[in-house]
Amino acid sequence: MEQRHLGRTGLRVSRIGLGTLTWGRDTDEHDAGEQLRAFWDAGGTLVDTADVYGGGEAEHLLGRLMERLVPRRDLVLSTKAGSVPDPDRRTDGSRGHLLAALDASLARLGTDHVDLWQLHAYDPYTPLEESLQALDIAVRSGRARYAGVSNFCGWQLAKAGTWQLAGDRTRLAGAQLEYSLLQRGVEREVLPAAIDLGIGLLPSSPLGRGVLTGKYRGGTPADSRGASEALAPFVEPYLDEAASRIVEAVSTAADGLATSPLHVALAWVRDRPGVTAPIIGARTARQLTAALSVEGLSLPDEICRALDDVSAPVHRYPDHDWSTL
């Protein structure tokens, strides 16, 4: 698999990443092991997790699998901290919480460092400089090699990236946000900020939470995430009429290219400007292997333009030059 630099850094990652959101909850150790081995066999290196995935069990699982299936040195481990199971305060970006969470992640993963450590979300109750200081401490102490953020909007990313560049601090290497043909909101301000600051984008849910594969065109399959009690609310927003038009366009493009809708949707986001590596989460190793076979596909320019047009979000003032409005 092709390797790409993450942002303006020396860190190289596979241009497709493996997500572990469901590990330890919907994906057991056997299935997770098959996925990790298939990913590694295909040349994949970037494995993404978080301290809250499966209540910490995703990191536990990954740590156990690295002991017996895949060498730690062959993987680029990315984890996140800051999300908390508190309905009144969903994020805790305090320095104390973040560093304690990192130490707990390292213990679960069975390693002395992660390659990329990210703030999981912006905390409006903690000064951003304090949260960012935790990233600096983690890198300087050797517990993390590179740092990034996740789920930051445009002004938050611009402020964080600029603050880190303004002093003797750890530059942000990556930003993880949802990005797909069904969710192009990052193109308004996040992506321009990331490109300008040299921060690589790591799109999550690049298949539109599974909807862009076309599996929901005739209803909700019984074995799909849309039929899962835990994940049905996650999929439901992308089952409306607007999304259906985009899914049909992806399916038409796939028919014309003699490939699958999954490959078309994944290749589109993988090759967008500013993107380093989409992160995909699969239910089975077979699904993952099918997704990884996108490596040899590059979409023709006319197909890209057609998909851009059918999925174009509404960008008005001030996102566009005022003189064109």
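**A close look at one strand**

Tutor: Let's take strand β5, residues 76-81: six of its six residues are buried, so the strand is largely enclosed by the rest of the structure. Buried here means under 20% relative accessible area, with exposed over 50% and partly exposed in between (1.4 Å probe, protein chains only). Helices (H or I, at least four residues) and strands (E, at least two) are DSSP runs, numbered from the N terminus.

Before going on, a word on the source: this is a predicted model, where local features need pLDDT of at least 70 and side-chain atom pairs count only at pLDDT 80 or more, while totals for chains, interfaces and linings use all residues. Residues are numbered from 1 along each chain as its sequence is written, and side-chain values use heavy atoms, leaving out hydrogens and water.

Now look along β5: V76, S78 and K80 point one way, L77, T79 and A81 point the other way, and all are buried. In a regular strand, side chains alternate between the two faces of the sheet.

Next, the neighbours. β4 (residues 46-48) runs parallel to β5, and three bridges join them; two strands pair if DSSP finds at least two bridges between them. One of these bridges links D48 with S78. To get from β4 to β5, the chain passes through helix α2 (residues 57-68) in a right-handed β-α-β crossover. Right-handed means that, with the strands pointing away from the viewer, the path from the first strand over the helix to the second runs clockwise.

β5 also runs parallel to β6 (residues 114-119), joined by four bridges, and S78 has L116 as its bridge partner there. With helix α3 (residues 95-109), β5 and β6 make a right-handed β-α-β unit.
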